[in-house]
Amino acid sequence: MTFTLGKKEILIDILVRLPAKSLVRFLCTCKSWSDLIGSSSFVRTHLDRNVTKHAHVYLLCLHHPNFECAIDPNDPYIEEEVQWSLFSNETFEQCSKLSHPLGSTEHYVIYGSSNGLVCISDEILNFDSPIHIWNPSARKLKTPPISTNINIKFSCVVLQFGFHPGVNDYKAVRMMRTNKNALAVEVYSLRTNSWKMIEAIPPWLKCTWQHHKGIFFNGVAYHIIEKGPIFSIMSFDSGSEEFEEFIAPDAICSSLGLCIHVYKEQICLLSGFYGSEEEDMDKIDLWVLQEKRWKQLCPFIFPLDHCHRTIGFSADNELLMERRDFIKGITHLCLCNYESKQVLETGIRLAVMKYGDIEFLFAITYIESLVLSNY
């Protein structure tokens, strides 16, 4: 089957509106459809439309599909097998259950998501932990080669993943440190399917990393670091391979409740839970990074005792929060609206993953794409 120019444009205009699951099926229809849908230009057009129109956007959550309170007082709650699922970004209804590409949800953690791709690796990272890049909607999995750059063991490993628009490539950044503060940073490129060791590491990076407090945005990995009583944000551009440091605002003097996210396309810091001047309300302070300077915005304000931890932001820039029922052992996912100060219960019951003394909750914005379908 061949297409005239006019018919092809009409067909593309129809196909780019469809979900990835349907388009994957069409890849097997005939060679001309496979060539069209699998082409890099169509993959980009489909993704761009989803981003621009907020189409096929979901919440990707690790949750308990079935959860009932136990009667036995010595067993306060029963946890069913945890499940990765996609939930509607608007109604919060479960849209699809995801079959884990490695066979088991346990022992694997998401370390970043971008343009429909999800980076997963071991729950406890080692210097030689394999990483896997997964597109759940296209049902594609790529396992990069094991790096051969490292010849010593590292006790502290940090992994981040995302897309770098400046170089049009997906990158994974792995930072490692020994107990004696020997440092190593390496970058994986999806385009070249290879790892590269970063040679020039600034001396100020010899400090304490907050393992679970980082974000990858526009090709740059950001991480909270501690230097005694001072907090800083370390950035590493995975394209230019340059490091930069931003001292945190003076008002931040504790790591309690401190986290870094992306809010309205800007790097932001959220800090603490404090009583608000408004009766029966709590607040979380908010700073955004503008032109390499921190600007404090009005805080997030919400009803008292409605949040125990922040998780991130939704596609609509609402604050994703955890509300935990300690009696029943249930963790609820809630959304806080910045303007209305209202908290919305989603009905999604999140699974709490524990690694040593650290607890993790996973609820991230996920947008469908066909990226990886042509690899």
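About 18500 Å² of accessible surface is found on the protein, and 50% of that belongs to carbon and sulfur atoms; the areas were worked out by the Shrake-Rupley method with a 1.4 Å probe, and for residues only the protein chains shown count as cover. The model is a predicted one, so local features need pLDDT of at least 70 and side-chain atom pairs count only at pLDDT 80 or more, while totals for chains, interfaces and linings use all residues. Numbering runs from 1 along each chain as its sequence is written, and side-chain values use heavy atoms, with hydrogens and water left out.

As for the fold, the protein has 4 helices and 26 strands, taken as DSSP runs numbered from the N terminus (helices: H or I, at least four residues; strands: E, at least two). Of its 375 residues, 50% are buried, where buried means under 20% relative accessible area, exposed over 50%, and partly exposed in between (1.4 Å probe, protein chains only). Looking at contacts with a separation of 6 or more, 47% are between residues 24 or more positions apart; a contact here means heavy atoms within 4.5 Å.

Asn115 isn't a glycine, yet its phi is positive, near 50°. Asn115 sits in the loop that links strand E4 (108-114) with strand E5 (117-122), and it counts as buried because its relative accessibility is 16%. Glu291, also not a glycine, has a positive phi of about 50°. Its place is the loop between strand E18 (281-290) and strand E19 (293-303). With a relative accessibility of 78%, Glu291 counts as exposed.
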